[in-house]
Amino acid sequence: MTRRKVEPLGAIISNVMRHHAAQQKPLSAIQRRWPRLVGKALAAHTRPVSLHRGRLIIHVDEPGDSFALSYRRAQLLKQLKVIAKGRVEDVVIRAGELPE
């Protein structure tokens with residue numbers, strides 16, 4: 001029977017946190033640039049909330065804002081791919097609460 005190397009809990013947590021930070025980096029870059037991408041008025045009613053498996057989830061609090069994002073979808077997707085270094089493959093627009 002082969003024994004596995006036992007890692008200290010601190011090292012395991014550090015590795016998990018580093019992995020999580022690397023996964024969130026593209027989303028953070030998008031969130032920082034969001035008002036410049038869509039304009040301040042639209043950014044006030046929309047938020048990119050998650051990026052998982054290439055799908056960027058954007059919450060909107062007004063139906064008209066959902067339409068405005070959908071109308072600009074192709075252009076927005078091109079810009080997002082550049083910002084997120086190719087990690088965004090699709091944009092999903094959903095009605096939802098906007099995080100602060």
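A residue is called buried when its relative accessible area is under 20%, exposed when it is over 50%, and partly exposed in between, with a 1.4 Å probe and protein chains only. By that rule, 30% of the 100 residues of this protein count as buried.

Colleagues, a word on the basis of these values. The model is a predicted one, with local features requiring pLDDT of at least 70 and side-chain atom pairs counted only at pLDDT 80 or more, while totals for chains, interfaces and linings use all residues. Residues are numbered from 1 along each chain as its sequence is written, and side-chain values use heavy atoms, leaving out hydrogens and water.

I begin with the overall architecture. The protein has 4 helices and 3 strands; helices (H or I, at least four residues) and strands (E, at least two) are DSSP runs, numbered from the N terminus. Along the sequence they follow the pattern α-α-β-β-α-α-β. Of the contacts (heavy atoms within 4.5 Å) with a separation of 6 or more, 57% are between residues 24 or more positions apart.

Next, the sheet. Its 3 strands form an open sheet in the order E1-E2-E3, with mixed pairing; two strands pair if DSSP finds at least two bridges between them. Strand E1 (46–52) and E3 stand at the edges with a single partner strand each, so one side of each has no neighbour in the sheet. From one strand to the next, the twist averages 25°. Strand E2, residues 55–60, pairs with E3 in the parallel sense over 6 bridges, and Val 60 stands opposite Ala 95 in E3.

Helix H3 (residues 63–71) lies across E1, E2 and E3 and runs at about 145° to E2. H4 lies across E2 and E3, at about 120° to E3. For these angles, axes are lines fitted to C-alpha atoms, for helices over the stretch in contact, and angles run from 0 to 180 degrees between N-to-C directions.

Which residues form a salt bridge with each other? Arg 73 forms one with Asp 90, and their closest N and O atoms are 2.8 Å apart. Because Arg 73 lies in helix H4 (residues 73–83) and Asp 90 in strand E3 (residues 90–95), the pair ties together parts that are 17 residues apart in sequence. The criterion is a side-chain nitrogen of Lys or Arg within 4 Å of a carboxyl oxygen of Asp or Glu, and the count by this rule is 1 salt bridge. Arg 73 is partly exposed at 30% relative accessibility, and Asp 90 is partly exposed at 27%.

Finally, I turn to two residues of strand E1. Thr 46 belongs to this strand and is buried, at 0% relative accessibility. A polar atom of the Thr 46 side chain lies 2.8 Å from the backbone oxygen of Leu 42. Beyond its neighbours within four places in sequence, Thr 46 is in contact with residues including Trp 34, Val 38, Ile 58, Asp 65 and Leu 98.

Definitions and conventions: Polar contact = N/O pair within 3.5 Å; in protein donor to acceptor, adjacent residues only side chain to side chain.
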